[in-house]
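Work through the exercises below with the model in view. Each task is followed by its solution in steps.

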Amino acid sequence: QLDHTRRFTFTSTSLLKACLRFSHELRGTLSICNKLCYAVGGAPYQITGCALGFFLQIYLLDVAQLDPFYASIILFVGRAWDAVTDPTVGFLVSRSPWTRFGRMLPWIILSTPLAVVCYFLIWYVPPFEDGKVIWYLVFYCLFQTLQTCFHVPYSSLTMFITSDQKERDSATAYRMTIEVLGTVIGTAIQGQIVGMANAPCVPVLNGVPAELGGNKNAYMIASGIICGIYILCAIVLFFGVREKKESCRPRSEPMSFFQGMKLVMGHGPYAKLVMGFLFTSLAFMLLEGNFALFCSSTLGFRDDFQNILLVIMLSATLAIPFWQWFLTRFGKKSAVYFGTSVRPAAERSSEPKAPLAGGSMLPDVVDDFQVANPDSVGHEAIFYSFYVFFTKFASGVSLGVSTLSLDFAGYITRGCSQPAEVDLTLRLLVSAAPIALILVGLLIFRSYPIDEERRQGNRKLLQELRDQEAESESDSTELANMA
């Protein structure tokens, strides 16, 4: 009778463990609707980023009619401030308590209304001259801060919607696809509306352009539409995605900001990934920020540059299936390395491979860190915030330096022609400088240690750890029932 009882207990325990393991796997599965709703949340950052990246510089110079020196200050300080807020927000998010809506989603939904107001006011020309620089600087910095409160939690959300790596990779693929579509939408809305109302260039008389007309209303209409899309995407994300508290192991004790920075930057694969994307992002931002001026001033396509941008972004979207296949077939590291190599020749049309591979490499780095530091968990937001910090810092440096270079070269606001020095500067900013920076990034990526074999090994180790936790949970449940 005792032996029979032991066999029954052993069978019941095994069955309970199997049920818990199956339940754990089932909880990690995401529906297509969940993945789409999650992916839609990535669109606002790309739409507003594309509009600001391509058009803010030319807007400040030719519509707001700011001196290039002050425009460079706004662009650099705004992006540098944005870069500083990323690790700060990441630190605050990592210490956020769990609510009935999760840890990340409250940040996203509460920051949205204020972010869209600040974004709209960036594209509004105030009815005064004195203090105009302060106006743009304040609202640009405020928008960047509020968008950080959206984007850092959203980027970290990948680790909280499921614990299954395959499902995370699939959700990331959905997200990156929507993000590339977002760049097309941002280019189409901002470019086509502004392009249809684009005022002609102004002949230069004695080195000074004549009185300028503006297309201020067109920029405000475009920003209003983008604000509406921003709000809609945030609502879809909030109601279509749920954070799974059980997908995360208990968090470690909270740490200070500098402890968090030392922790993540001390992990070799993460440092190499961030530094590689720092240089490639800097190259990319130089090209993006100066492409509109290059087309309109150097190439003479003032009335058609928005159409050129739209065609290039559409070609980038059509290239997504190829890069997704390449990523699956040859691995993330190979996709990033090969895609970045062809970027100088293909320019913007080669962009999708970086988001598809590079964005999905961050969860792999976090997994690698958790394998190396099994007792240090709950710091995912810090990893994402420092990654965004470096890319945004690169953006600020590129925009500030390029606009200041145009000032030194003698850029003439809305002039039909520019001095030869301006043409030469623009050619360097969209060709030679990006190529040199990309080469440095490639050298760093070459030493990136997480290949497919190591990634699969980490996945196996983490799954074993989760199985052990499930077994411990079942043992605790069994003891409680016996008691």
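**Exercise 1. Place Phe305 in the fold and describe its surroundings.**

Step 1. Phe305 belongs to helix H11, which covers residues 305-318. Helices are DSSP runs of H or I with at least four residues, numbered from the N terminus.

A note on the model: it is predicted, so local features need pLDDT of at least 70, side-chain atom pairs count only at pLDDT 80 or more, and totals for chains, interfaces and linings use all residues. Residues are numbered from 1 along each chain as its sequence is written, and side-chain values use heavy atoms, without hydrogens and water.

Step 2. Is Phe305 buried or exposed? Phe305 counts as buried because its relative accessibility is 5%. Buried means under 20% relative accessible area, exposed over 50%, and partly exposed in between (1.4 Å probe, protein chains only).

Step 3. List the contacts (heavy atoms within 4.5 Å). Leaving out residues up to four places away in sequence, Phe305 touches Phe55, Ala292, Cys295 and Ser296.

Step 4. Check a pair. Phe291 is 14 residues from Phe305 along the chain, and their C-alpha atoms are 8.8 Å apart.

**Exercise 2. Classify Ile134 as buried or exposed.**

Step 1. Find the helix. Ile134 sits in helix H6, residues 132-156.

Step 2. Apply the cut-off. Ile134 has 51% relative accessibility, so Ile134 counts as exposed.

**Exercise 3. Find the contacts of Leu56.**

Step 1. Set aside neighbours within four places in sequence.

Step 2. Read off the rest: Leu56 contacts Ala51, Leu75, Ile122, Trp123 and Tyr140.

Technical notes. Helices (H or I, at least four residues) and strands (E, at least two) are DSSP runs, numbered from the N terminus.
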